[in-house]
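User: I would like to know how the terms for a structure are decided. Please take them one at a time.

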Amino acid sequence: MSEKIYTVLFLCTGNSARSIMAEAMLNAMGKGRFKAYSAGSHPGGVVNPMAIEQVTHFGFDASGLRSKNWDEFATAEAPHMDFVITVCDKAAGEVCPFWPGQPMTAHWGFQDPAEAQGSEEEIRQTFARICREIKTRLDIFLSLPINKLEKLALQRELDQIGATKV
């Protein structure tokens with residue numbers, strides 16, 4: 001019997017940086033146990049080049065990443081999601097579509113690196129810091145014995161990851 005592959009949707013308003021980085025990292029770090037996606041409530045249609053730079057700098061595959069609307073994942077034809085995680089405060093406060101299958105939800109807020117001010121190097125450092133913070137939370141998530149935890153215990157763990165100072 002093969003091990004279940006868990007699907008995760010990372011949400012952000014613009015789907016240009018944080019959710020994109022989380023998608024790329026979990027797809028690699030999950031080693032086939034997870035399939036990650038990302039989307040936005042109001043996607044800009046373009047992935048931030050510094051997000052791509054950070055993902056590849058840390059050794060993750062950035063091919064195929066694109067900015068997309070969360071409506072793509074709210075249809076009957078969309079992949080069934082096990083987890084939906086917001087990574088920005090704006091998306092967390094919005095009314096989300098109905099997700100088929102009633103996935104577990106959590107909010108893991110991160111500063112928006114696309115709004116960073118300063119020199120190109122200072123902005124790059126902000127992107128690198130956010131990328132590391134996302135990776136830290138993903139490391140914690142990946143350490144959970146998901147298939148052994150009851151739903152309420154798993155929800156507490158997901159919420160605790162979001163509250164973790166990184």
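Analyst: What covers the buried residues of H2 includes helix H1 (18-29) and helix H4 (120-143); covering is judged by contact, meaning heavy atoms within 4.5 Å. This is a predicted model, in which local features need pLDDT of at least 70, side-chain atom pairs count only at pLDDT 80 or more, and totals for chains, interfaces and linings use all residues. Residues are numbered from 1 along each chain as its sequence is written, and side-chain values use heavy atoms, with hydrogens and water left out.

User: What makes H2 a helix, and which of its residues are buried?

Analyst: Helices are DSSP runs (H or I, at least four residues), numbered from the N terminus, and H2 spans residues 49-57. Met-50, Ala-51, Gln-54 and Val-55 are buried, that is, under 20% relative accessible area with a 1.4 Å probe, protein chains only. Pro-49 and His-57, on the face turned away from the buried side, are exposed, so each is over 50%, and partly exposed lies in between.

User: What makes Asn-48 a cap of H2?

Analyst: At the N-terminal end, a side-chain oxygen of Asn-48 lies 2.8 Å from the backbone nitrogen of Met-50. A polar contact is a pair of N or O atoms within 3.5 Å, one able to donate a hydrogen and the other to accept it; residues adjacent in sequence count only if both atoms are side-chain atoms.

Technical notes:
Helices (H or I, at least four residues) and strands (E, at least two) are DSSP runs, numbered from the N terminus.
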